[in-house]
Each structure stands twice: as structure tokens, then as C-alpha cells.
Amino acid sequence: MVTAVRTRIAAALTTAITAGLALAAATPAQATPSLSPYVAMGDSYSAGSGILPPDLTVTPACARTTRNYPNLIADALGVESFTDVTCANAKTQDFYGKQYPSLIPQLDAVTADTKLVTLTIGGNNNDTLIKVISSCITAGTATAGFGSPCKTLYGDKFTDDISNKTYPDVKKALTDIHAKAPSAKVVILAYPQVMPEDNSNCFLTMPIAKGDVPYINNIQDTLNGVVKRAADETGTTFVDMQSSIGHDACKPIGTRWVEPAVWGTNFVPIHPNALGMEKMAGQALAAIGG
């Protein structure tokens, strides 16, 4: 009797296992959602300006490299369709009009079937990055690094422009990207840290007055803050670059992710180096889930 029962149980288990295997074979595994086509948009911090080798498919004015974080992301994800329209000095306005005669408006690259969009944008709106760095270097040089001449000269001008003008521009750009590609994952990256968070300075390579270091950090925090706000309000994934703290332009080669104004390794100063691009790609991939 016991033997007969065992035989029936074994037969039932064999039947169940066989049926399960057949069902598994008939049901395909859950596929990872495709992130292709992938479109990369944005300014010089997306283009990787200053890093070699250059991307020869675009005007040299864009200073785009084939080692920028969008290319690294595309390689890591193995996307079949990748379009890079990043360009140095781009503003949100260049999403809607030609930045240079040979370029298309960046938003034209986004279509209804786009599945992934990455970008870094906002820093050039109102010429913020250009004015902050160049103005503070000029002011710092004039005082031999003493005091806070840039803050004295410009006060809240930069942060006011960022809050009142850059924020709505970035929000509109993100809203329009989502409208053109409603099924796309849209990812916007913060700008990595340029000056030391501890408010120290490196006047020989970043000739900015010591008292203006916290002033510049506050401007950058304000910029990243409005980018995050715009992202949150539009359902966009925001990539925080807090990990770049301690890897600013004052740090030595191999530690810094952003090159200094003087004696740097990039032909475009005060921009992410190759290591910085790798770190930005890594942060974005973590947010994308790739």
C-alpha cells in the first residue's frame, strides 16, 4: 500500500513538473523596457566640452566629445538608436531655435517614440555660468584674492535671475520634452561642484577671492535647486550630483571631476574632465536603472 501511494505521488510530481516546464517554455521572460531611441540634449556639461577626442560629426563650436556622459550611457545600455544634440553654450532657447546654422533645434531630435532623454541645462540661461565665473575671476584678481569683491559687486543678481528667469525656462523645456515623448524617461542632471564646499580656495588655479567661494557655491546651489524643482514639478528624474563634493576644481588630478581655470587638463576650463563624465554617467545610470 505504501509503495503504491509513493508511486502515485511520484507520478503526480512528475506530471506537475513537466507541466510547469512546458508553461515556462511557452511564456517568454519579462523583457526589460527598451530605452531606445535615446536622445541626449543640453549644454557643455552634457557635451563634455574640453575632453578629447572631439566629435567630428558636429560643428567645432559645440566642443562635443565622443566621451561625454551621453555616449557612456548609450554604450552601457546598448541602445540601438542614439542621437546626441548636446552643444557648448546651449540655453533652453536653443531647444526651439538653431543655435548654429548647421544645427537643428535640440527639441526637434525628440519624437513620439523616444524612450530616453538625458540633459544638463540652465547654466547658460541669462549667461549665469559665464558671468559668475568670469566676473568673479576678474574681481578676485583685482583684489589679489582678498575679500569678497564679486559678492560686493553683484549681490543677489545671479540668484535672482536663476529663480525668476532660469527656473520657468527649465520647467517649460522639460514640460515640452514630455509632451513630445510622453512615454520617455526624462533625466536631468545637476551641475557638479566647481568650488570647495569647505569654502577654501586655490587662487593660483582658480583666481577667485576667498570670500567669494561661498558666494559662488550659493549660486550653484540655487541653480541646482531650481533644476530639481522644475524636475519634480514635471515628473522628470533628477540626478543629484552631491557626490561631486570633494571633487571640485581645487582638487588634484585624479580626484577632481571639474578642471580649474588655469593649469587644467581640458582645453575648455571649468568643465568636467573625463573622470567627471564617467561619474556623471554612473549617477545617471543608477537613476535610470541601467
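Predicted model: local features only at pLDDT ≥ 70, side-chain atom pairs only at ≥ 80, totals over all residues.
## Salt bridges involving helix H7

The structure contains 11 salt bridges. One of them joins the side chains of Glu-233 and Lys-171, with an N to O distance of 3.2 Å. Glu-233 belongs to helix H7 (residues 213-234) and Lys-171 to helix H6 (residues 157-180), so this pair ties together parts that lie 62 residues apart in sequence. Both partners are partly exposed: Glu-233 has a relative accessible area of 39%, and Lys-171 has one of 29%.

A further salt bridge is formed by the side chains of Asp-232 and Lys-228, at 2.8 Å from N to O. Here both residues lie within helix H7, 4 residues apart, which is about one turn of the helix. An α-helix has 3.6 residues a turn, so residues three or four places apart point the same way. Asp-232 is partly exposed at 48% relative accessible area, and Lys-228 is likewise partly exposed at 36%.

## Further salt bridges

The side chains of Asp-248 and Lys-251 also meet in a salt bridge, with 2.7 Å between N and O. The two partners fall into separate classes of accessibility. Asp-248 has a relative accessibility of 1%, so it counts as buried, the cut-off being under 20%. Lys-251, by contrast, is partly exposed, with a relative accessible area of 24%.

Salt bridges can also share residues. Asp-55, Arg-64 and Asp-84 are linked in a network of such bridges.

## Helix H8: length and ends

Helix H8 covers residues 274-288, a run of 15 residues.

The N-terminal end of H8 is capped by Asn-273, which places a side-chain oxygen 3.2 Å from the backbone nitrogen of Leu-275. Just after the helix, Gly-289 adopts a positive phi of about 95°.

The buried residues of H8 are Gly-276, Met-277, Met-280, Ala-281, Ala-284, Leu-285 and Ile-288.

Several other elements cover these buried residues. Among the helices are H2 (44-47) and H3 (69-77). The covering elements also include three strands: E3 (116-120), E4 (185-189) and E5 (237-239).

Note on methods. Residues numbered from 1 in each chain as written. Heavy atoms only, no water. Salt bridge = Lys/Arg side-chain N within 4 Å of Asp/Glu carboxyl O. Helix = DSSP H or I, 4+ residues; strand = E, 2+ residues; numbered from the N terminus. Buried < 20%, exposed > 50% of the residue type's maximum accessible area, 1.4 Å probe, protein only. Expected span 1.5 Å × (residues − 1). Contact = heavy atoms within 4.5 Å. Polar contact = N/O pair within 3.5 Å; in protein donor to acceptor, adjacent residues only side chain to side chain.
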